[in-house]
Amino acid sequence: MRPEDLLRPTPQGLYCPPGDFHIDPTSPVERALITHGHSDHARAGHGHVLATRETLRIMRARYGDDFAGSSEAVALGEPMRIKGVTATFHPAGHVLGSAQIAVEAHGLRIVASGDYKRRADPTCLPFVPVACDIFITEATFGLPVFRHPPAEDEIAKLLASVAQFPERAHLVGAYSLGKAQRVIRMLRDAGYERTIYLHGSMEKLCQLYESEGVALGDLANATVASGHKADFAGAIVICPPSEITERWARRFPDPVACFASGWMRIRQRAKVAGVELPLILSDHADWDELTATIAELSPREVWVTHGREEALVRWCSLAGIPARPLHLVGYEDEEE
Ligand SMILES: [Zn+2]
Ligand SMILES: [Zn+2]
């Protein structure tokens with residue numbers, strides 16, 4: 001069997017002809033296997049959805065009970081027969097419930113990583129390396145310039161700034177699924193016990209994480225509590241990245257605009273976004289994690305998708321591993 005007969009790129013995403021399913025399809029299909037809950041991977045309107053229980057909960061929270069015709073929760077590590085192929089979900093270390101999907105038939109195994117990272121994250125299971133013939137890797141930060149510093153250092157930077165400016169509020173822009181909860185959990189692990197304030201759009205997913213056993217400590221709604229600007233002196237407020245420099249931010253005392261993202265590695269990007277305190281904190285593998293993962297798995301072939309594909313393809317070629325870009329469209333650099 002040729003790899004392309006088992007899994008192939010199509011305008012709607014990766015398609016498996018013998019199993020008749022798509023992985024993370026970008027438009028409604030009959031049968032979809034979903035790697036994780038970010039909105040560019042998990043869309044509403046499919047006939048039948050297979051995903052981890054957590055990912056299904058996230059989709060339900062975002063799109064409502066009728067997010068798909070029907071759905072089925074998949075247990076990690078348990079092979080599942082779909083027509084002529086076997087599919088198995090394995091942890092990807094990206095966000096709560098995130099999974100890689102291994103597709104197998106006639107002795108050929110392809111692993112679609114979805115989005116992944118290799119660093120410890122207290123809010124989700126760590127990435128599990130799965131031996132495979134073809135590894136499909138993301139490449140969001142697929143350039144040698146992207147080397148994420150230790151996440152703990154970035155949280156320490158935030159806490160140092162809070163200590164230095166006790167009269168100002170720190171507004172931390174963070175994506176509502178994954179990043180927000182990771183920042184909060186890491187603040188707790190660093191010993192920060194004060195109430196953390198949330199933009200209204202963050203609440204549903206924070207509650208979901210808590211109900212899945214990720215303790216986030218004392219949280220309060222930043223909008224409801226507003227009115228007394230001074231109450232937020234020294235406070236940490238988590239909000240969507242788009243809000244840190246908007247009108248919404250002005251209700252807080254002399255706000256410090258922070259943004260937790262792998263993109264903050266690019267100073268120019270932080271500057272353009274009006275970010276005063278960039279926090280380089282990513283839920284995607286950086287260049288070293290990408291290349292170390294490929295070297296560790298040592299697959300027969302690598303397919304590279306969304307992000308900076310060419311540099312990683314070239315790195316593979318130099319390492320003696322045949323590689324090609326998939327040119328899939330419809331996936332963003334990061335959520336929102
Ligand atoms: Zn993602
Ligand atoms: Zn993605």
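Helices (H or I, at least four residues) and strands (E, at least two) are DSSP runs, numbered from the N terminus, and Thr88 lies in one of these strands, S8. This is a predicted model, in which local features need pLDDT of at least 70 and side-chain atom pairs count only at pLDDT 80 or more, while totals for chains, interfaces and linings use all residues. Residues are numbered from 1 along each chain as its sequence is written, chains are lettered from A and ligands numbered from 1 in the order in which they are written, and side-chain values use heavy atoms, with hydrogens and water left out.

**Zinc ion (ligand 1)**

- The protein donors of this ion are His36 (NE2), His38 (ND1), His94 (NE2) and Asp115 (OD), lying 2.2 Å from it; donors are N, O and S atoms within 2.8 Å of the metal (3.2 Å for Na, K and Ca), and since water is not among the atoms, sites may look incomplete.
- The four donor atoms subtend angles of 89 to 165 degrees at the zinc ion (ligand 1), which makes the arrangement irregular; four donors count as tetrahedral if all angles lie between 85 and 135 degrees, four count as square planar and six as octahedral if opposite donors are over 155 degrees apart and all others between 65 and 115, and anything else is irregular.
- Along the sequence, the donor residues of the zinc ion (ligand 1) are spaced H-x1-H-x55-H-x20-D.
- His36 lies in the loop between S4 and S5 and His94 in the loop between strand S8 (85–91) and strand S9 (99–105), so this pair ties together parts that are 58 residues apart in sequence.
- His36 is buried, with a relative accessible area of 0%, and His94 also counts as buried at 0% relative accessibility, where buried means under 20% relative accessible area, exposed over 50%, and partly exposed in between (1.4 Å probe, protein chains only).

- The protein donors of the zinc ion (ligand 2) are His41 (NE2), Asp115 (OD), Asp115 (OD) and His306 (NE2), at 2.1 to 2.6 Å from it.
- The angles among the four donor atoms of the zinc ion (ligand 2) run from 54 to 124 degrees, and the site is irregular.
- The donors of the zinc ion (ligand 2) follow the spacing H-x73-D-x190-H along the chain.
- His41 lies in the loop between strand S4 (31–33) and strand S5 (46–52), and Asp115 in the loop between strand S10 (108–112) and strand S11 (134–139), so the pair ties together parts that are 74 residues apart in sequence.
- Both His41 and Asp115 are buried.

- Strand S18 (residues 301–307) and S19 run parallel and are joined by three bridges, and the bridge partner of Val304 in S19 is Pro325.
- Thr88 is buried, with a relative accessible area of 5%.
- Not counting residues up to four places away in sequence, Thr88 touches Gly77, Glu78, Pro79, Gln100, Ile101 and Ala102, contact meaning heavy atoms within 4.5 Å.

**Strand S12**

- From strand S12 (residues 170–173), His170 and Val172 point one way and Leu171 and Gly173 the other way, and all are buried.

**Cysteines**

- A search of the whole structure finds zero disulfides, a disulfide being a pair of cysteine sulfur atoms within 2.5 Å.
- The sulfur of Cys124 is 15 Å from the closest cysteine sulfur, in Cys206, too far for a bond, and Cys124 is buried, with a relative accessible area of 13%.
- The sulfur of Cys258 is 8.9 Å from the closest cysteine sulfur, in Cys239, too far for a bond, and Cys258 is buried at a relative accessible area of 0%.

Notes: Pairing = 2+ DSSP bridges.
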